[in-house]
Amino acid sequence: MQAGWRQALSFNEGFGGQLSNYVKNGFNFFVKMDIKSFYPSIKQERLIEKLVSLLPAKEPRVLNLLNSMIKRTIFGSSEGCGIPQGPIYSGFLANCYLDDFDREMETTKLGPIAYRRYVDDMIIYTYDEASREAVIKYVSEKLCELGLKIHKDKRKLKEGTIDDYLSLIERDQELDDFQKDLSRILRGLYSLDWNNYREFIKDPDEFVRLYSECLRTIGVIISPEWLRRKLFLGKGLSAALSFVSRYFSSHMYRVRFPHPAKLLNANEWAKDFGSKNVKLVKNLKRLKKELENRLRELYDCYGDLSTTGLDPDIRKKITAKYRFYTYRASILSSPGIIPVIKQILPFPWLYNTTVLRSYPELIPDLVRILENECSDYLKYVAIWALGEMKCSNAVSALTKVLFSGESLGIKLMASQSLLKIDYWDGFDWEKLEQEILKTQKMPRLLKNLILIWGRSGSDELRVELDESVREDENVANALRWVNRRSDNIMSIPDKLPEYVRGKEYPLMEPGLDISAYSSYY
């Protein structure tokens, strides 16, 4: 058994590497399982108990540190459940939580099995089908004791013969190579030299704003919010060790950064960066060109996949490639892909939606989606993208959606995008008050409308709210906010007090971590 290893291997690369040994030992069947919502389902108290049991001494300072790291309210998790997925220690905590489970799988009395796990994915090899079915039942029962469940979706739970597994892990080397090259570049760009990191620590908000603008000049699109998360190394000794570790890493480009003062002039910064990092810039251009060519080839060959009679497995693989490349196009600015994106725009299941916010050229197409009869899902995509781009030209279209007869979900999304854009010239405040009056029985939308009203500069809401409405937690929180602060709630999501930080704020952006191609299967 081997669990949660840290090498730069994907799930299939790591598991497939041992396959020949299992075949020699007579294992002819397998079951591949996925733990449903693993990180959000981890019980915090149980995890702390496990960690404390491993400590040689129960130092109060260490116990306080564990509590501060683990006992947090996690977005999307039940009370008392969940651990963050971003920090480097998350994988360690997850493995600790499953440590006893892993040991039980090593000593199970189910008969000879071969068990391997990587975070929330596991694969078990057995001699026969009967043993395989017994393993599925046993694993489900043991995980249930930990408050976890096996993902029963047939796309997540796969079983069959060894030959079936060989078909399952077939790789596309072209995509793997692309992934590795882009990962090396991003890791290099996240690993600031000491001069730049010192400036980042002095004023993180201003530094990431300027750095994000400078990266755009070399065709790399990373939001300031995400940069701040990736650049921060921690404090004290932890920061020093992380800095040294990054510097000597072989999995990234060693970037020579311009002097921090040049961040004030993006074009000057790009010129200096290009002269110091010729190889990196050359590889960036190559990846962008490859990105454009691959997406054009996909569309020329398969279009929007509406062709009837296409083999389901081929359809799934082509969809995965579309999503793979469009996700990377959200990071690498490649204007040549825009014609393809416009063609597949009505089919959001074909692309990763983060690509839309990276190309302002798509704004007219997104606005047209709001003006025409389209599916709610497509409208959600358009509204989200316009809000992410903070597009003032879209305010009129979003306002019409907000004051229309659209569904509650669509209007809620439109209100959040308007708050993100924060542009109110010509806004119809009188109509907003009428809308507030009409939505008194929809507290979440009403909350957003009150937050929008807070941007009007008016001292008092002229609409009389029912007493029962004012007592609703969502509405009361919004009224408390606008009475105390003049800031736009969406501009400072990390600084919001608990009483106003509802589950829908902030609307979290998908992370820019590079996902393995195999994860789409």
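This is a predicted model: local features need pLDDT of at least 70, side-chain atom pairs count only at pLDDT 80 or more; totals for chains, interfaces and linings use all residues.
**View 1. Helix α21 meets helix α22.** Here we're looking at α21 (residues 395-402) and α22 (residues 408-421), whose axes come within 8 Å and cross at roughly 145°. The crossing is left-handed. On the α21 side, the contact is made by V395, L398, T399, V401 and L402. Helix α22 brings I410, K411, A414, S415, S417, L418 and I421 to the contact. Sort these contact residues by type and you get eight nonpolar, three polar and one charged.

View 2. L291 sits in helix α16, which covers residues 278-302. With a relative accessibility of 0%, under the 20% cut-off, L291 therefore counts as buried. Leaving aside residues up to four places away in sequence, L291 touches F178, Y325, R328, A329, L332, S334 and I337. Take A329 from that list: A329 is 38 residues from L291 along the chain, yet their C-alpha atoms are separated by 7.2 Å.

**View 3. Helix α12 and what covers it.** Helix α12 spans residues 204-217, 14 residues in total. From first C-alpha to last, α12 reaches 20 Å, close to the 20 Å expected at 1.5 Å a residue. Look for F207, V208, L210, Y211, S212, C214 and L215, which are buried in α12. The cover over these buried residues includes α10 (173-190), α11 (194-202), α13 (224-231) and α15 (266-276). Follow the chain just past α12 and you come to G219, with a positive phi of about 85°.

Note on methods
Residues are numbered from 1 along each chain as its sequence is written. Side-chain values use heavy atoms; hydrogens and water are left out. Axes are lines fitted to C-alpha atoms, for helices over the stretch in contact, and angles run from 0 to 180 degrees between N-to-C directions. Helices (H or I, at least four residues) and strands (E, at least two) are DSSP runs, numbered from the N terminus. A crossing is left-handed if the near helix is turned anticlockwise from the far one by less than a right angle, and right-handed if clockwise. Contact means heavy atoms within 4.5 Å. Ala, Val, Leu, Ile, Met, Phe, Trp, Tyr, Cys and Pro count as nonpolar, Asp, Glu, Lys and Arg as charged, and the others, Gly among them, as polar. Buried means under 20% relative accessible area, exposed over 50%, partly exposed in between (1.4 Å probe, protein chains only). The expected span of a helix is 1.5 Å times one less than its number of residues.
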